[in-house]
Every structure is written in C-alpha cells, then in structure tokens.
Amino acid sequence: MKIGVIDVGGGLRGSYTAGVYDWCHDNDIKFDYCMGISAGSANLSSYLAGQRGRNLKFYLDYDLRPECMGVKNFIKKRNFVNLEYVYGELSNSYGEYPLDFDAVNDNPAEFTIVATDALTGKPRYFTKKDIERDNFAPIKASSCVPAVNRPYMVDGRPYYDGGISDPIPVEKCFADGCDKVVLLLTRPKDFERSPDKDRLTANLISRSYPEAALAMSRRAIRYNTELWLAKQYEKQGKMLIVAPDNIGGMSTLTKDAGMIESLYHKGYRDAEKIRAFIE
C-alpha cells in the first residue's frame, strides 16, 4: 500500500498544514509519496527532514520579518516575497535555521514539487533529485507568486507558483502509483474558487508571459474541477481531505501571528483523522 500526501500550499495559511505535520511527527505517521505546491513544498521539506516545529517557527517569526515580505522588497527587487531570504539565507546550511538536507535526501519517501513553466503555462514536476545542498531552486520556483514576484529562474527557464497549472494534483498523485492519498487544503472543503482575482493577475503578466497568463485565467476552473474529483475519490475511500472548517479571514499574505497560530492548532487537531484512514 503506497500512501501519498498532497499539500496545496496557500502562503501563510500553510500554518494549518504545519500543524498537521507536527501531529504526524508526534504520532509516527509517515507517507511514501509527498507532493507539494508552493508553501506546501516548503512545509513538506521540513517534515521529510524530521524537523518538528521548524515550519511553525517560519510562520510565526521569519515570515513576519520585513526582510521576508513587504512593499520595500517589491520596490527594491520587484519581489514582494524574498524567496532568496526564506529558502536561502534562512534555510541553507549556514543559515539561521538550516533545512537538514541529508535527512531529506536519506528519507525513502518520494518528494515531488509542482511549479508552473512561465513560457508554456504547463506544470513542471520537480523531484528530490532536482534539489541540492544549499540550492532549493524548485521550492523557490513553486512558491513564486505572479505579479507580486518576478518569475524564478531554474536552469535559465522562468517558473511561477505551481498552483497556477495544477492546483490540486490528484490525478498526478494516483498516476505515480499511490493507492490512498491524504489531501491537505488550507481553505474549507466547500470553498469554490472565483476567477475574478485570477483574471486580474493574468492581465498583469499577459504581455511578458501569455501562456502563464492563460493558465492563470483558467486556474479557478481547474481548482474547482480537481477538488470535485478529490471528493469523488474520497467517497470511494481512496482519499481523505483534511481542511479547516474556517480560516477566520486569513488570506495568502496575512501577517497576523494570532491567526497563524490558531490555524496551526486547528491543523494539529484535524490531523487526528489521518490515523484511521491510513490504518
């Protein structure tokens, strides 16, 4: 039985799945296949490294620092979120809170990171082999939000957030051999994505990256369709959807420590249902 987990990310709402992973650490829950999108790929890297509590430290401390995200970053570098700071200065071996690269590499679980090729608008599925010590480029690419960040370059090719092209990669997970999958959402299970905000973002990048803009304009349709598919798999007993009942108005970039911590504890409590599903 190959058990998979999908973490769809969601910026600072990812504190919810940080709680899920800490519960998994505390209860010795392991997955054979891990797929992360955007912040979900970063959360999974700490989980695979066995670094309990590392994700929460980032959400409650580092992510709230002005060096991490803010208008000054955007003015200076045209990047609202400083990916080099989060996944470089902080996470490298010489950083303030290094990711245990050896532990990630030695972990037998498969690790897939979803990014969007800005030139084609199609998903790129990076694997553990694409990550190197002090070079977490695929995670940066997967976390690169259009319009507020310039595309992130990997081997000379531009990438955007993986949620644009494959926001809930259910089919990919099963195609890669999973028998049962835990899907971690950072919005309520009944949330339906509206295309309005996506169309605005698409307009902002359409001149430079028309194919990525097209994918962005269709993101809501793709998200809602893939969520519907996930619910069908759940009815068949092949998938468990773990999602917050509410997020209290939390958005992708809401820098509110109280809301972040509340979502973390909610995720920790909700993770209990994983036990029965995988057993």
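What covers the buried residues of helix 11? The answer concerns a predicted model, in which local features need pLDDT of at least 70 and side-chain atom pairs count only at pLDDT 80 or more, while totals for chains, interfaces and linings use all residues. Residues are numbered from 1 along each chain as its sequence is written, and side-chain values use heavy atoms, with hydrogens and water left out.

Helix 11 spans residues 219-235; helices (H or I, at least four residues) and strands (E, at least two) are DSSP runs numbered from the N terminus. Its 17 residues reach 24 Å from first to last C-alpha, close to the expected 24 Å, a span defined as 1.5 Å times one less than the number of residues. R219, A220, Y223, E226, L227, L229, A230 and Y233 are its buried residues, buried meaning under 20% relative accessible area with a 1.4 Å probe, protein chains only. Their cover includes helix 8 (170-175), strand 7 (180-184), helix 9 (196-205), helix 10 (210-217) and strand 8 (239-242), where contact means heavy atoms within 4.5 Å. Just after helix 11, G237 adopts a positive phi of about 85°.

Strand 2 (residues 33-37) is largely enclosed by the rest of the structure, because five of its five residues are buried. Y33, M35 and I37 point one way, and C34 and G36 the other. Strand 2 runs parallel to strand 1 (residues 3-7), joined by four bridges; strands pair if DSSP finds at least two bridges between them. Within this pairing, I6 stands opposite M35. Strand 2 also pairs in the parallel sense with strand 3 (residues 110-117), over five bridges, and there T112 is the bridge partner of M35.

Definitions and conventions
Buried < 20%, exposed > 50% of the residue type's maximum accessible area, 1.4 Å probe, protein only.
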